Amino acid sequence: MPPTLASLVHHSTLKLTVRAGKERLDTPVRWVHASELADPVPYMEGGELLLITALKLDAEDADAMRRYVKRLVGAGVAGLGFAVGVHYEKIPGALVEAAVEEGLPLLEVPRRTPFLAISKAVSAAIAADQYRAVTAGFAAQRELTRQALSDGPEGLLSALASQVDGWAALYDASGAVVATAPEWAGRRAARITADVERLRDRPAPASSVVGGDPADGTDGEDRVELHSLGTGRRARGALAVGTASALGTAERYAVHSAIALLTLVTERSRSLYSAEQRIGAAVLRMLLAGQSDHARGVAGDLYGGLLDAPYRMMLADAGGDLVGGFVEVAEAAAARSGEAVLVVPDGERLVVLAADGGAVVAACTRYAETVGIARSGSEQGTDEDELVVGVSAPAGPVAAGAAYKQAEQALSVARRRGRVLVEHEDVATGSVVPLLADDAVRAFADGLLRALHEHDATGRGDLVASLRAWLSRHGQWDAAAADLGVHRHTLRYRMRRVEEILGRSLDDPDVRMELWLALKATAAASPSREQ
């Protein structure tokens, strides 16, 4: 505890006597300052014990003393010490009355007690308090380290909560609560996840304070400090520490020690992470090559039973921070659920292997949906804002190659349909027409049908509409002619003209298929052409 006015009053050698403000003797004293200025306030910081002899004060003027004391109180002065036997044999009544009115502690300093003795006493007490804080901080550091080594993050949080007489919570890179201490703090920790997410978006290291003010949505419960964890540009987690009041020096040492230890726990070394990625890439290559047994042998226990259980393969094309965000979401979901996940960079793409129906696939899907909503709400997008994901059907280790192709197909369909995520099961649903929404396909269709459109533009017939009707009726002349409202001989003549202009036979099923797809592609690009 820092020195207080009460500790100075009880100091055996100072012989101080309380003349006013007895109820405020528990006020901490930050420093001692002697000044004979009529207005020392500009030179005060607050928390000082001001010592005077009233050399330049009219201490018997009631109005002057009220103004003087009021200024001291406004400046946050802890107390006023008055030396008697120098200019006044006792403290003037006007000063005593003013101190009583304002509630300012007023201490009488006997002549035999020099101001220097009071300064030394306060300085010694402050130094002793700081020493105790440092000693307690080192003791807390040792205890936190012991708990971290024996019980992991959960034990460290428990020790930290005890040290600060409050609660502590650990969050992962996605902002989700990983652990709390004591257990009752789970609800409190969950209510400030939005603040944790805002902290996560700032460059690390970062910190913020959520005060116990009802106006900020914390219901006045406590004061919470948030600290990011990690050494990179992006935080790999966050620590929350909730207390009834601001942290003292010893508690601050404990919190800083916890940040360092949790950073070591949560931040994997770059060399280890790089090694894991190389192993993951090797395992993936073996799976795609059909060498599932070799893949299991290389992976060992690194990926648990992932390679044996039904899994999904996800291919993600992402730009900017979305790549890191996708990886963080996958790894954070795996850490929370205890699932194994294989994340491998594949050129400009990312391959994620995760258990079918598990938390990782669900988390990645939610992340993609969130990105899609954000993209649709923005007026302009950039390559850095783009995320496209293809997801395979459930597969086993011997079908890894097929799963990769399925994920590629789903990724291609997602691009064509302008969607963020497509599962392979969705590829076969709906119409094939949206798949034709490609510049190359449209260019082919326009080139194939250009001569027919140019012919129709001269007003010499309606070959495009006739071709569409004839193809839609599978070459049935009467039905197609009825749809057009013309005689079947007229329709036969038009189809011969189509063959002549295109130089291709309508008896060839490949020609009919290409023409039909060309008609559908141009209609999708310009609906008015259907008319």
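His474 counts as exposed, with a relative accessibility of 70%; the cut-off for that word is over 50%. You will find His474 in the loop that joins helix 15 (463-472) to helix 16 (477-484). Its backbone deserves a look as well: His474 is not a glycine, and still its phi is positive, at about 60 degrees. Please keep in mind that this is a predicted model.

Now compare that with Ala54. This residue also has a positive phi, of about 65 degrees, although it is not a glycine. Is Ala54 buried or exposed? Its relative accessible area is 3%, so Ala54 is buried, since buried means under 20%. Ala54 sits in the loop between strand 3 and helix 2.

At its start, a side-chain oxygen of Asp61 comes to within 3.0 Å of the backbone nitrogen of Asp63. Which residues of helix 2 are buried? They are Ala64, Met65, Tyr68, Val69 and Leu72. Looking down the axis of helix 2, you would see these buried residues fall within an arc of 125 degrees, so they line one face of the helix. There is a general idea behind such patterns: an α-helix has 3.6 residues a turn, so residues three or four places apart point the same way. The cover over the buried residues of helix 2 includes strand 3 (48-52), strand 4 (79-83) and helix 3 (93-102). After helix 2 comes Gly76, with a positive phi near 80 degrees.

Just past the end of helix 9, Gly300 has a positive phi of about 60 degrees.

Pro182 belongs to the loop between strand 7 (177-181) and helix 5 (185-190).

Five strands form an open sheet in the order 12-13-11-14-15, and their pairing is mixed. At the edges are strand 12 (341-346) and strand 15 (421-423), each of which pairs on one side only. On average, neighbouring strands of this sheet are turned by 15 degrees against each other, direction ignored. Strand 14 (residues 387-391) and strand 15 run parallel and are joined by three bridges. Which residue of strand 15 is the bridge partner of Gly390? The partner is Val422. Helix 12 (residues 400-417) packs on this sheet and touches strand 11 (311-318), strand 12, strand 13 (349-355), strand 14 and strand 15. The direction of helix 12 makes about 40 degrees with that of strand 11.

How values were computed: Residues are numbered from 1 along each chain as its sequence is written. Side-chain values use heavy atoms; hydrogens and water are left out. Two strands pair if DSSP finds at least two bridges between them. Helices (H or I, at least four residues) and strands (E, at least two) are DSSP runs, numbered from the N terminus. Axes are lines fitted to C-alpha atoms, for helices over the stretch in contact, and angles run from 0 to 180 degrees between N-to-C directions. Contact means heavy atoms within 4.5 Å. Buried means under 20% relative accessible area, exposed over 50%, partly exposed in between (1.4 Å probe, protein chains only). The arc is that of the directions from the helix axis to the C-beta atoms. A polar contact is a pair of N or O atoms within 3.5 Å; within protein, one must be able to donate a hydrogen and the other to accept it, and residues adjacent in sequence count only if both atoms are side-chain atoms.
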